[in-house]
Amino acid sequence: MSRRVVRQSKFRHVFGQAAKADQAYEDIRVSKVTWDSSFCAVNPKFLAIIVEAGGGGAFIVLPLAKTGRVDKNYPLVTGHTAPVLDIDWCPHNDNVIASASDDTTVMVWQIPDYTPVRNITEPIITLEGHSKRVGILSWHPTARNVLLSAGGDNVIIIWNVGTGEVLLSLDDMHPDVIHSVCWNSNGSLLATTCKDKTLRIVDPRKGQVVAERFAAHEGMRPMRAVFTRQGHIFTTGFTRMSQRELGLWDPNNFEEPVALQEMDTSNGVLLPFYDADSSIVYLCGKGDSSIRYFEITDEPPFVHYLNTFSSKEPQRGMGFMPKRGLDVSKCEIARFYKLHERKCEPIIMTVPRKSDLFQDDLYPDTPGPEPALEADEWLSGQDAEPVLISLREGYVPPKHRELRVTKRNILDVRPPSGPRRSQSASDAPLSQQHTLETLLEEIKALRERVQAQEQRITALENMLCELVDGTD
């Protein structure tokens, strides 16, 4: 009688658990826009959620510790003139977030550590280059201030947020709507999926497609792709019979899949969240009430089903915490922020261990907040792996860091583009309840802004004098 050998894996018993009711964020009007993004972004300091807003687009940013019922007058980040479609935290500065909107712009925001008194309406910089709505954002994993955006104009633009310049524009690679874009671990390649059913590997600096596979999944519904640690591509899509399917591909040999598995017959797009440290991919379907997770290994069948976390209510979106934001003392290997219609609920994935000691095998060194390259170094052809940090002592987020934007052309004195501020609730008298510290912080920030404007005026006057002297 042959014995069935059970595959050995330290992640076989990973289990998910919803946080207690008092750890959820209540009374948030989650956006109802029909768009296949996650609507939620989280980092070790803040939780950001795209919300319903009259007369434009907005998202709310909450400190992670601010659980419970959210005040209906809690300040929002408002500046877009149409719904916000995607948001993404900068991996190298926990106070900086980018937002993409139906109004064709991308805005980058500095979020203060204190709770603002009124709505945040002034982005650090507005990036204008798309001609149709912008639905996908992704920061470069290793280069400072490099941000990718993809729009309904089928164009991918890579920006230097520090100067507001377009570094690269990939405008003739995708003949139809782009469904997903993902960087590899060092940011040298992109994996993109498109409505034309083609999976592409793109070298953005050379501006060329280095490998492609038509109909990785044969169905017409949107496909998603992420790079794995081994350099393979993990994809989710649909079969011709509209069954959901997952695949694993080797970009060096796109003819045959490494693995291809049918899953179920739901029509929600599967959003893959990949953890490179553990090689686990979590699949969260929009409208599903479950999270399935699989381990990707070098042994057949390569994609191993681990388990499913199920709950009663469907998810509107999902946020995925970076590894440095997890509680290593509780053997937490992943944390999700599940959006319901009116609330956000943390879901914690844990590996059960008896020991209280730090678990080296669960927490290898992980990407930290320091960039490995500057934007111009990356553009010139340099590549670098992420700067890793140890989680042995837990991770403490650094204090507030400003993002400085330097405009190259100081002669351009046109007023900044973007929506004009209208008189609204955000301009109401200051509440007496806010602390003196909060007000002093606001005053300091305004003074710095005025000082920067004065320096700019002086520079322009000097330049004008030089031009006048030159004409004489």
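**Exercise 1.** Which residue forms a salt bridge with E212, and how far apart are the closest N and O atoms?

*Solution.* Keep in mind that we are working with a predicted model. Start with the pair itself: E212 bonds to R200 in a salt bridge, with the closest N and O atoms 3.8 Å apart. That passes the test, because a salt bridge needs the nitrogen within 4 Å of the carboxyl oxygen. Finally, check the accessibility: E212 is partly exposed at 48%, while R200 is buried at 6%.

**Exercise 2.** Find where R244 and D264 lie, and say whether each is buried or exposed.

*Solution.* First, the side chains of R244 and D264 meet in a salt bridge, 2.8 Å from N to O. R244 belongs to strand β22 (residues 244-249), and D264 to the loop between β23 (259-262) and β24, 20 residues apart. Now apply the cut-off: buried means under 20% relative accessible area. R244 has 1% and is therefore buried; D264 has 18%, so D264 is buried too. One more step widens the view: salt bridges with shared partners join R244, D264, D288 and R292 into one network.

**Exercise 3.** Work out the strand order of the open sheet that contains β24, and identify its edges.

*Solution.* The four strands follow the order β24-β25-β26-β27, with antiparallel pairing. β24 (270-275) and β27 (303-310) each have a single partner strand, so they stand at the edges and one side of each lacks a neighbour in the sheet. On average, neighbouring strands here are turned by 25° against each other, direction ignored.

**Exercise 4.** Describe the surroundings of D277.

*Solution.* Begin with the location: D277 is in the loop between β24 and β25. With a relative accessible area of 17%, D277 is buried. Then list the contacts, setting aside neighbours within four places in sequence: R229, K323, P364, D365, T366 and P367.

**Exercise 5.** Name the residues that make the nonpolar surface patch around V468.

*Solution.* M463, L464, L467 and V468 make a patch of about 350 Å². V468 lies in helix α2 (residues 436-471) and, at 43% relative accessibility, counts as partly exposed.

How values were computed:
Residues are numbered from 1 along each chain as its sequence is written. This is a predicted model: local features need pLDDT of at least 70, side-chain atom pairs count only at pLDDT 80 or more; totals for chains, interfaces and linings use all residues. Side-chain values use heavy atoms; hydrogens and water are left out. Two strands pair if DSSP finds at least two bridges between them. Helices (H or I, at least four residues) and strands (E, at least two) are DSSP runs, numbered from the N terminus. Axes are lines fitted to C-alpha atoms, for helices over the stretch in contact, and angles run from 0 to 180 degrees between N-to-C directions. Patches are made of residues with over 30% relative accessible area and no salt bridge: like charges are joined within 9 Å, nonpolar side chains (Val, Leu, Ile, Met, Phe, Trp, Tyr) within 5 Å. Accessible areas come from the Shrake-Rupley method with a 1.4 Å probe; for residues, only the protein chains shown count as cover. Buried means under 20% relative accessible area, exposed over 50%, partly exposed in between (1.4 Å probe, protein chains only). Contact means heavy atoms within 4.5 Å.
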